[in-house]
Amino acid sequence: MNFLQKREKTSASWNCFSKADVLGSFDFMTLTISLDSLDINDFNHLGSLLARGDYTDGILNRNLEYDLYETLKKIYGLSFHEYTHFIDSTSTAWGVSFLLSLNEAYLTNHDIFGVEESEYHKAKHFFDLAKSFKLPDYYTAKTPGVDPSTPWSYQVTAGKRFNSKGQLSDVPITFISFGNSNNERIVRSPLSMVAVLEVSAMAQEILYKSFLVNALPEDTRIVESRILQKESLKFIYNHQLTEYSACAHLVANIHGLTDIIMAYSVCERIATVVLNFTDNCFDEISFSDLAKKTLNIDTNKSLEAITENSIKSRDRGYIFYLICLLMPKNNYESCEEILKGISASLEAMGLDYYQVLMAARREVEVASQTLSKSPIKCISELSGSLLKNFDQKLSTKRGMYDFSSFDLPPVLLGDCEIVSASPGVGNTLKKYDIEEAYNELVQGQLWVERFSEACT
């Protein structure tokens, strides 16, 4: 069994993006990226096109050749999507918390590290954490036979999760219900963690493709712009994938944004803040009187309890909703307007935008120092890039990352070749051995699965 086959087998039950990311994937349990729809010939073709040296001229003078455009769109559109999952899962406050939990869980493998049984609970904690990203399909309610054609309406609702014993818990779930023009419900999807992660990655894919379109000659640019809009809308209005597009719908509907590029620019900024909420940020939320009125929690005790319990349970999907709803109504056509809107929203929650991000940066810095001492070689190796990638993520202009400035590992292709899909020359992870890292981390994954099955 080759590397690709082994990874497919061990990641199958953990791929929470499997319905949406069909061309590639990011494996949270081994931190490996695969671009299944690409092979080495695609990268060789790109290399030959770039060797002609007309890329910079094409970008600067809006004269990008169509063959190069198509190849860049195919390769980097997908690569940047999956790389964003890697960045979000390793270089945000949420990401380093996840990494620390992964490291602790894998270190409880008695066969390798000889730890006491009293430490095994860390493995079960991580197992539950990884399973929580995407809520079970039960919580996505699709109405059979209902016409899913547009225009859609939407409604934000709330429910409660069932616990392991099948009883209702106090942990809320925020839902978005989508209806057709006949007021029939098409589907109800949870605003889950996977929704936040997917909108972050989809934003980079769409914004990069838009960047390429704008570099084309005018006649081609008009045609490709329409195609990009059509492709993006096809994803957003796919009623089978609404859990993955829920955040984009939320932003577009609340703020009346009809430009999909602008909507994803706003989504990217909100998602970045949400992924960088520390525990202290959750604990320090204190709504202004105007915010309480906007949220209708000043007089509605039921909604007040939902809000309190959502914050208590560290529900980042709900925080995305709060920020979006409390942002002043605006067209958000510039990065400055988006920043002001999010800052105003956080202020209504008793928080300061820059203090939120600086607290997150400190957590990334501390986690990097902790993980640098990990006996797991690949974790220690990755730790040196966490803070750099955090800073690069925040320095983005108009929401689109400069992926040439990140430290990013190689990727696995559909023909089992391994290549560096990162365009950066200063990439310290360019020679990171992803197969060796997989072999090291998958032992921890299999141990976590085996032990967690024994917890009844």
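**Close-up views of a predicted model**

**View 1. The lining of the largest cavity.** Helix H11 gives the lining of the largest cavity its largest share, four residues. Helices (H or I, at least four residues) and strands (E, at least two) are DSSP runs, numbered from the N terminus. Both H11 (260-275) and helix H19 (386-394) supply at least two residues of this lining. The lining comprises Glu268, Arg269, Thr272, Val273, Tyr353, Lys393, Leu394 and Thr396. A cavity is, on a 1 Å grid over the protein atoms alone, a set of points where a 1.4 Å probe fits but cannot get out, and lining residues have an atom within 4 Å of a point. This is a predicted model: local features need pLDDT of at least 70, side-chain atom pairs count only at pLDDT 80 or more, and totals for chains, interfaces and linings use all residues. Residues are numbered from 1 along each chain as its sequence is written, and side-chain values use heavy atoms, with hydrogens and water left out.

**View 2. Strand E2 and its partners.** Strand E2 (residues 32-35) directs Thr32 and Ser34 one way and Ile33 and Leu35 the other, and all are buried (under 20% relative accessible area, 1.4 Å probe, protein chains only). Strand E1 (residues 25-27) pairs with E2 in the antiparallel sense over three bridges; pairing requires at least two bridges found by DSSP. Ser34 in E2 stands opposite Ser25, and its bridge partner in E7 is Leu412.

**View 3. Asn103 in helix H5.** Asn103 lies in helix H5 (residues 93-106). Asn103 counts as buried because its relative accessibility is 7%. Leaving aside residues up to four places away in sequence, Asn103 touches Leu371, Ser374, Ile376 and Ile379 (heavy atoms within 4.5 Å).

Note on methods. Buried means under 20% relative accessible area, exposed over 50%, partly exposed in between (1.4 Å probe, protein chains only). On a 1 Å grid over the protein atoms alone, a cavity is a set of points where a 1.4 Å probe fits but cannot get out, and a pocket is an open set with protein on both sides within 12 Å along at least five of seven lines; lining residues have an atom within 4 Å of a point.
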